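These are my notebook entries on one model.

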Amino acid sequence: MIALEKYHLSEEDEKKAILREYRSLLRALKNRLKKGDKKLVRRAFEIAADAHQHMRRKSGEPYIFHPLAVARIVADEIALGVTSVICALLHDTVEDTEVTLKDIEMEFGSTCSKIVEGLTKISNVVETKNTTQQAENFKKILLTLADDPRVILIKIADRLHNMRTLESMSRDKQLKISSETTFLYAPLANRLGLYEIKSELEDLVLKYTETEAWEDITKKLLETKRERTRYINEFIKPIKEELEKNNFEFEIFGRPKSVHSIWNKMKTKHVTFEEVYDLFAIRIILKTNSEREDCWKVFSIITNHYQHSLERLRDWVSAPKSNGYEALHTTVMGPGGRWVEVQIRTERMNEIAEKGLAAHWKYKEGNAGQESKLDDWLKHIRELLQNPDSNAMDFIQDLKRDIFNDEIYVYTPQGDMRILPAGATALDFAFDIHSELGKTCIGAKVNYKLVPISHVLKNADQIEIITSKKQKPSEDWLKFVITAKAKSRIKYYLKEEKRLIAADGKEMLIRKLEHMKVSTQSSNLHEISNYYKYASPQDLCYAIAINNFDLKELSKFTVIGDKIFAPIQEEKKEIPKEESQEDYQKALPGKGYELVLFGESSDKIAYKLANCCQPIPGDDVFGFVTSGEGLKIHRTNCPNAATLLANYGHRVVKAKWAKNKEISFLAGVLINGIDDVGVINKITNVLSGELKMNMRSMSIDSKDGLFEGNIKVFVNHKKELDELCRRLEKLEGINKVIRLDAE
Ligand code: MN
C-alpha cells in the first residue's frame, strides 16, 4: 500500500518511491517472466509513467502509483501473467492521455490492445452520467467480459485499488463507487471465484456506507482476539496431534470471518456481535496427491473428535461449485458447546479459492476440467446477452439471481450433472438443457415420480422432461422460473406469439380502414392507438385480434382526405409515456440545486420518507426522485440504496438534515427479554417518565417466559432514539433492543 503522505515528498524522493513500486512489481512476477518479458513490462511502465507524468490522484500522489498498484494486484492477488500486467499498467492511458490503441498494438501486439480497448470501453460506460439506465451500461460491461475475461479481472483489480484509496474522494463519489461495487463488482468477483477480493470489496463498502457498524465490529473483533486465539488453539490441538500421527503434511489455523459477513449475520438474524457464533472458521490445507481420499480421511478424523452437524456438511470436492470452488466444509460441536466451521482443502484447491478460477485458466498451464467450467459460464452469459429484446434492468436482476444464489446439483436421465440455482423448477431444468425442450415442456418425472413443471428441484434429483408438440409458453410460466435463461427465452416466445396474433389484427384493421377510404400510413395508426392509450399500434392490433377492441368504435373518428382524426376530447387525456430525462429535470427546482435541507424549509420541497428504511434526523440520508411520488428520502444504508444509487445515479439528490425541534418522526424499536410482571411498567417509565417521549403504540407478545415487544415512538433526532435504546438495554430483564427498519 502506498502511504498518502507521499505527496509531501521531494521530486527526487518521489521518483525513488515510484521505482521502488516498480521493482516490487517485477519481484511479484519473478517466476512468470520468460525471456524478453522483463523488457516488455519495463516498456509498458515507461509508456504509462511518461503518459501520466503530469497527472496526480485526488490524494495528491503521482498518478502512476495507481496503474502500478493495479498491476501489482493483478500479479499478486489474481495471479495473472505478463500480458495482464502490461495491460494493467496501461489501463488508463488510452482513456486519459495521448497514447492510442494503435500505439499499444505496435508495441505489444493485438491481444494487449484489445484488452486495453475493453478496459477503456468499460470506463467510458461507467463514467457516463446522462444515460437513463445504468443497467444498460452494466450489460455492456458483461459483454466485454464475454470477449476476454482478463478485461474484467483487471477491471476488478482497478476497482479494488480505487476502493482501497476511497478515503480521498468526495462523499457522493464514495457512495456512488461503493454502490457500483456492491451491485456489480463484488458479485462478479464472487462469480469468478475471487473470494479474498470479494470479501475485501464488501468490507470496504461497509466501511464507507455503514461506518459506525464497521468501526464497531472491527473494534470488537480486536478486543475478542485473545479469547478467540485461546479457543482456536484448544480446538486445534487434538486434531493436529492426530493428523501428525497419520503422517499428513498440512497447515491448520483459525481465521476470522469478514467484517461484512459478521455484519450481515447480525442484520439478517437480528443478533448482536456476541451472539454471532461463527466469528471464525478453522481451515486445514493439505499437501497431497490423493486429494479426494485425504480430504475425507481428515473429515473422519475431525468427526471422530467432535460431533458434527449432518445438515451442515458441504461436499464441494465431489461436485465443485460452478465458479470452481472446491473444499469440504463441516460444522462440528467444539469445546464449551460452540459450533465451529471447519474447511478442508488441498493446496491446489486453496489456490483456486484465493485467486480464482481464471488464474488456472488458459493463461496458465491449463487444467482441462476447470477451463471448461469457466468457458461454460461465459457461454451462458453470451447466450443471455444475445437476446435482443431483453430489458437491461430485468436482465441484470435475473443474472444477479444466477450469480448470488446457492447452487443445487441435479442429473439428467443419462446421469449428466447440471448445476442450477437453488429454487430452480423442472421448467428451469428443461430450458437449461435446451430452449426447445423448455418451450414444449408439459411436466417432468423427478426420481421417477410425475410432477408439474413448476415443481421445485432439490439437490441430487434426477429429472426426465416430458414434452408435447402442442405445448406453448404462457405468461404464468414467468411466475415460477427463476433462471435468467428460462426467463429470457419465455419472454422472447411470448413476444413472438403476440407479434403473430397482432398481425391478424392488423389485417382486420387495414380492411376496415380501406373500407373507410383512409390510408394505412403509420400516422393514422398512431392517431387511433394514441386515442385509446395503447402503447403502440401493435398493441392495438393485438387487442383487435383477441376481440378486446371493437372496430365499430372507429365511426367516432373524422375522415378528411385519406387521414383520420380522433374525436376532440373534453378533458385533456394524458397519454401514458415513459418518464424522460426532461421530466426529471423539471421535477427539481432548477439546475445546480443539490442540497435539500429539510426539516427547516420543508415547505419548499415536498418529500416523503421511504418506508423501506424509515429515516429519522441524524441518519445519513440521500434523496431519490421517484417517477410518481416526488422526492423520497432514504438512509444511505437502506437495503435498497445500492440498487438505486447504482442504477439511477442521476436521480439521486444530496440531502441532509437541518435543525428542527418541531417536526418529529416515527421510529420503531424491537425489544426482547425475560417476561416479568413489572417489565411493561419499567419500559413505559423510561419512555414517558424519564425521556418524556411521545409513544404511538406498543405491542408485547410473550411466550414461555420470554417476551418480544414492538414500540413506536416519535423522535426528533437519531440521538433521542439511541438514548432510548441505551436506557432500555440497561433495564433488568431486557435482553436486546434493536431499531426496526420498516413496518
Ligand atoms: Mn484506473
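**Entry 1: the four-stranded sheet**

I began with an open sheet of four strands, ordered E19-E20-E18-E21 and paired in the antiparallel sense. The model is predicted, so local features need pLDDT of at least 70 and side-chain atom pairs count only at pLDDT 80 or more, while totals for chains, interfaces and linings use all residues. Residues are numbered from 1 along each chain as its sequence is written, and side-chain values use heavy atoms, with hydrogens and water left out.

I took helices (H or I, at least four residues) and strands (E, at least two) as DSSP runs numbered from the N terminus. Two strands pair if DSSP finds at least two bridges between them.

At the edges of this sheet I found strand E19 (694-703) and strand E21 (734-740), each of which pairs on one side only. Neighbouring strands are turned by 15 degrees against each other on average, direction ignored. E19 is joined to strand E20 (residues 706-715) by nine bridges, and the two run antiparallel. Asp701 stands opposite Glu708 in E20.

Helix H28 (residues 718-730) lies across E18, E20 and E21, at about 165 degrees to E21.

**Entry 2: the manganese site**

Which residues coordinate the manganese ion? I found His66 (NE2), His91 (NE2), Asp92 (OD) and Asp158 (OD), at 2.2 to 2.5 Å. Donors are N, O and S atoms within 2.8 Å of the metal (3.2 Å for Na, K and Ca); water is not among the atoms, so sites may look incomplete. Along the chain the donors follow the spacing H-x24-H-D-x65-D. His91, in the loop between H4 and helix H5 (93-96), and Asp158, in helix H9 (residues 149-164), link distant parts of the chain, 67 residues apart.

**Entry 3: two helix pairs**

Helix H3 (residues 65-76) packs against helix H4 (residues 82-90) at about 160 degrees, with the axes 7 Å apart. That angle makes H3 roughly antiparallel to H4; I count angles under 35 degrees as roughly parallel, over 145 as roughly antiparallel, 65 to 115 as roughly perpendicular and the rest as oblique. Pro67, Leu68, Val70, Ala71, Val74 and Ala75 of H3 make the contact with Ser84, Val85, Ala88 and Leu89 of H4. These residues divide into nine nonpolar, one polar and no charged. Here Ala, Val, Leu, Ile, Met, Phe, Trp, Tyr, Cys and Pro count as nonpolar, Asp, Glu, Lys and Arg as charged, and the others, Gly among them, as polar.

Helix H12 (residues 211-223) and helix H14 (residues 259-269) pack at about 110 degrees, their axes 10 Å apart. H12 is therefore roughly perpendicular to H14. Residues of H12 including Trp214 and Ile217 meet residues of H14, among them Trp263 and Met266.

**Entry 4: a hairpin**

Strand E6 (residues 407-411) and strand E7 (residues 417-421) run antiparallel, joined by five bridges. They form a hairpin with five residues between them, and Gly415 in the turn has a positive phi of about 90 degrees. Tyr411 stands opposite Met417 in E7.

Notes:
Axes fitted to C-alpha atoms, helices over the stretch in contact; angles between N-to-C directions. Contact = heavy atoms within 4.5 Å.
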